[in-house]
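Please examine the protein chain shown below. The briefing that follows is arranged by topic.

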Amino acid sequence: MSNPVSGTEPPNRLLAGMLGTNDIIFMILACAAPMGVLAGIIPLAFAFGNGAGMPGTQLGICAVMLLFAVGYVRMMPHVKNAGAFYAYIAVSLNKETGIAAAYTAVVAYICAGTSTLGAMAFFASDFLHSMFGISSRWEIWAAIAMVAITWLGYRKITMAAKVLTVALLLEVGLILLIDVLILYDRGFAGLDFSSFTPSTIFAPGLGIGVIYAINGCIGFEATAIYQEEAKNRKVTIPRATYGAVLVLGSFYVLSSWCLVLAATPEKIQAVAAADPGRLVSGIAAQHLGEFGRNALNLLTVTSLFAAALGFFNNITRYMYALSRDGLLPAPLGRAHPVHGSPYMACILLTVIFSAIVGVFALAGLDPLLNLATSLSSMGAVGLEILLTVTSLSIPVYFARRHEYSLGKTLSPLIGGLLIAVATYLSLENYSALTGTNLAAVNRLPFLFVAVAIIGLAHGTYLRKFRPATYRRVGSTQVEEGRSADTAVGDTARTATA
């Protein structure tokens, strides 16, 4: 189909107005993999953390994330850039630090995405064997998932949003059904709220509990990445940010509390420690029979696939934003003329994901114990570092403008300090996250130091030798891009008339 104006090319932009508040919330929640967190992370927190105090810990972490979100949302009208973390840090502190944050974010998200892909491949192979007795290599499932993820990422974002919405509703629906059955079984008289008392929350193992709680909530900050594709960005993105935090936090608090009730507060730590991997599926079988166990195992696979797809979309849009700001090669900043997707970034990321998974496969390493465990922990720590720096940079930005308020300075400051404590606990207890004492695995976070140094060096180089590119770092792009698209459309309409 030809353009209305001869020689006029379609704007090289992501498609605006494609995503509403609910679309973005569903995409963010799917990326958080609530089924995977509930079945994989929370049982470990019960076993090695503060046991029955985990629901109260989750509630506290939700409050901390809300403090961060308050400041995060206040920055959006001032920094209209889909680069999110990096752009906020660049305008608040300096561009060199922002570039270091940009590269850290890309590496952290890639680690999180590939680890999720590895876990999905493991559980898909395991599900096929447990249900039908058919043995299959995990690499096959990783390849199938990679093809599907690339196809969905290449097409319009609404296609991926629909897939993620269906996957999320199925997994959340099953978990909420189990929650309701547990509450019904306990009865009103059997409800125990000791999980929310200070003595239970501050029990031995609280530090480990905090690590797992914050790792389960990471991902909501990606709402800003979808600014260009959102309908009415100024309203949709703040709503989606608050909505993601509140829905995710409430879900984890309720569901972890129901697990405590199912096993009883006195026994939950011992029961989880005996077999953390089958805690949730065992409780599902108690209330829904073998169907519940099989359904939960299947939806764990779809949950992890949805999370891998969500990370893929996040990373490609991050690469797109960085390319447009001159920090990555220009081709990565191209959008598909029909689908409006960052298709060149999709192709590159497919190669990166495939290479990482391929290295683990050729080395004969386990997709869950090696690939998923090592890279998920590294990704989580990287994102915690970014959350900390971003939250602490927000009050700096507003202080320079002499704007002081609860939302602009105090909330993000307190939130940043508390996330910094959680980050310290993660680094101090990193072996608890990875589940191994191998030095090679537990020293992986030091790679972020190298990545940050590269970012600072690149920023210094741009400031000295490419000042025009340096000035673009963290600059407003969303509104400028939409204005350009509008101008092209006006020209086309005028020519047609």
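Which handedness does the crossing of H1 and H12 have? The crossing of H1 and H12 is left-handed; a crossing is called left-handed if the near helix is turned anticlockwise from the far one by less than a right angle, and right-handed if clockwise. The model is predicted, so local features need pLDDT of at least 70 and side-chain atom pairs count only at pLDDT 80 or more, while totals for chains, interfaces and linings use all residues. Residues are numbered from 1 along each chain as its sequence is written, and side-chain values use heavy atoms, with hydrogens and water left out.

**The chain as a whole**

- The protein chain has 20 helices and zero strands; helices (H or I, at least four residues) and strands (E, at least two) are DSSP runs, numbered from the N terminus.
- Its radius of gyration is 23 Å, close to the 23 Å that the globule rule gives for 497 residues, so the chain is as compact as a globular protein of that length. This radius is taken over C-alpha atoms, and the globule rule is 2.2 Å times the number of residues to the power 0.38.
- The C-alpha trace spans about 70 × 55 × 45 Å along its principal axes.
- Of the 497 residues, 55% are buried, where buried means under 20% relative accessible area, exposed over 50%, and partly exposed in between (1.4 Å probe, protein chains only).
- Among contacts with a separation of 6 or more, 83% join residues 24 or more positions apart; contact means heavy atoms within 4.5 Å.

**Helix H1 and its two partners**

- Two packed helices are described by the angle between their axes and the distance between the axes. Axes are lines fitted to C-alpha atoms, for helices over the stretch in contact, and angles run from 0 to 180 degrees between N-to-C directions.
- The axes of H1 and helix H12 (residues 279-324) come within 7 Å and cross at roughly 115°. In this contact, Met 27, Ala 30 and Cys 31 of H1 meet Ser 303, Ala 306, Ala 307, Gly 310, Phe 311, Asn 313 and Asn 314 of H12.
- By class, the contact of H1 with H12 has six nonpolar, four polar and no charged residues. Here Ala, Val, Leu, Ile, Met, Phe, Trp, Tyr, Cys and Pro count as nonpolar, Asp, Glu, Lys and Arg as charged, and the others, Gly among them, as polar.
- Helix H1 (residues 21-32) also packs with helix H7 (residues 157-186), at an angle of about 60° and with axes 8 Å apart. H1 and H7 are therefore oblique to each other; angles under 35 degrees count as roughly parallel, over 145 as roughly antiparallel, 65 to 115 as roughly perpendicular and the rest as oblique.
- The crossing of H1 and H7 is left-handed.

**Individual residues**

- Most residues other than glycine have a negative phi. Ala 33, in the loop between H1 and helix H2 (34-48), has a positive phi near 50°. At 7% relative accessibility, Ala 33 counts as buried.
- Thr 264 has a positive phi near 80° and lies in the loop between helix H10 (233-263) and helix H11 (268-274).
- Gly 292, in helix H12, counts as buried at 0% relative accessibility. Gly 292 and Ile 178 are 114 residues apart in sequence and 8.7 Å apart in space, C-alpha to C-alpha.
- Phe 85, in helix H4 (residues 85-92), is buried, with a relative accessible area of 1%.
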